[in-house]
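Reader: I am new to reading protein models. Could you walk me through this one with a few questions and answers?

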Amino acid sequence: MRRLFLFLTLAALPAAAAWKAGAAAENISPNEPIWLAGYASRDKPASEVRQEIFAKALAIEDSTGAVSVIVTLDLVGIRRDMAEDIASQVTKDHGIPRERIIFNASHTHSAPVVGSAGNYEYRMGADLEKNRAAIARYTAAVREKIVAAIGRAVRSREAAALSFEQGFAGFAVNRRRVGHREYPGPVDHDVPVLAVKSTAGALKAILFGYACHNTIMADYTIHGDYAGYAQHYLEERHPGAVALFVQGAGADSNPLPRRKPEQLQRYGATLADAVDEVLGKNMKPVEGRLRAAMETVEVRFAPHTKAEFEQRAKSSDERDRRHAERQLAQLAKEGKLIETHPYPIQAWRFGDTFTLTTLAGELVVDYSLRIKSNYGWDTTWVAGYSNDVFGYIPSARVLKEGGYEGGDAFYFGSFPGHFAPDIEDRIWAGVGRAFERTGAAGK
């Protein structure tokens, strides 16, 4: 009997002890008035912190000793140059290769601008240099805190058990139907959850996702929107656990109705409840190793001419005129317009349990539904807003329909305009290569 008990105990250990994990959080709330990202209509900095915002990191080591890190940020996003700079630092400090580092932003529209002030500058008036300096200070501080969170997570790794399952939450609404009821209204209501527990059974980290803009409020207060409140509630309910939110393919989804402060708590609690429902189920144990792959594809912009922008530079529409002026400045400086942009795609396959794939930019829901349909509804987790949040990524359908997500949003930035018609085909090919490299099979 004693031998049998010993055998059963030892047989159970690999699944529980095959992983090591550590999690950490750094407060990135600003300490001075600063311009907020997300809404071009704002005309002054914000100074009131409604809720603290964070950079969080989850470090996972598999049975081969390979370490992978996912960073979640209560920010609109970070650009590729910042992501690559931090990733290089992490590789230097901890030996973690680039394909095993993910940066995902919640896309809260109530967090400070990070990086360049960009298209917000024209609203800053006489205080332009003052606001630029505040943004530069904040960006440097955020970079340091992301690196610190990763370091703490890596150093705190201990034996852990991982489990995965998905639930549902229903407050995301396809926003393209607002004003166009004739449009289809696809949404992704899945709530994927990765639970990380100590070998004693204590919940150490909760990685969870949802596909919906964090745009409940449009005022001048700083907070993580519904995702920030969901993380807060989960950490209150599970003392000692770090809750990390992963934004999905939510570019064409809004939390509706919205604009009331109490909806921050309501939708945050709804999402936290959905996560807790999953945690209370018989979640699938994650066994095996974590296979990681990264692909970068070049996405193309539709062609434009100098004459087109010269004509638009005379427009009475301020947005149109400023965009044209930026393109003419680009032509004068570089001799050509921006024609392509590097687009990073990652795939992490957790044993044979599920695959997490991350895509750059503001990803519309069609990508998530297509990827899950091909690789498995129950075994696929799709995240947008990862590694480079540089603009909206329309599907072929959305590009054809047009509108803000279809390409008009680029008129607020530095890119020349809409993507070329092959945008979805190029990204789909990159997804396929990333999944293939991790051994994940599609249809």
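Author: Happy to! Helices (H or I, at least four residues) and strands (E, at least two) are DSSP runs, numbered from the N terminus. This is a predicted model, in which local features need pLDDT of at least 70, side-chain atom pairs count only at pLDDT 80 or more, and totals for chains, interfaces and linings use all residues. Residues are numbered from 1 along each chain as its sequence is written, and side-chain values use heavy atoms, with hydrogens and water left out.

Reader: How many Å does α2 reach from its first C-alpha to its last?

Author: The helix has 15 residues. Its expected span is 1.5 Å times one less than its number of residues, which gives an expected 21 Å. The model comes close to that, with a reach of 21 Å.

Reader: Where do the buried residues of α2 fall, seen down its axis?

Author: Buried means under 20% relative accessible area, exposed over 50% and partly exposed in between (1.4 Å probe, protein chains only). In α2 the buried residues are Met-82, Ala-83, Ile-86, Ala-87 and Val-90. Taking directions from the helix axis to the C-beta atoms, these residues line one face of the helix, because they fall within an arc of 130°.

Reader: Which exposed residues does the face of α2 turned away from its buried side carry?

Author: The buried residues have cover that includes β5 and α3. On the face turned away from them, the exposed residues are Asp-81 and Lys-92.

Reader: Is Ser-29 buried or exposed?

Author: Ser-29 sits in the loop between β1 (19-27) and β2 (48-49). Its side chain makes a polar contact (a pair of N or O atoms within 3.5 Å; within protein, one must be able to donate a hydrogen and the other to accept it, and residues adjacent in sequence count only if both atoms are side-chain atoms) with the side chain of Asn-27, at 2.8 Å. Because its relative accessibility is 18%, Ser-29 counts as buried.

Definitions and conventions: Contact means heavy atoms within 4.5 Å.
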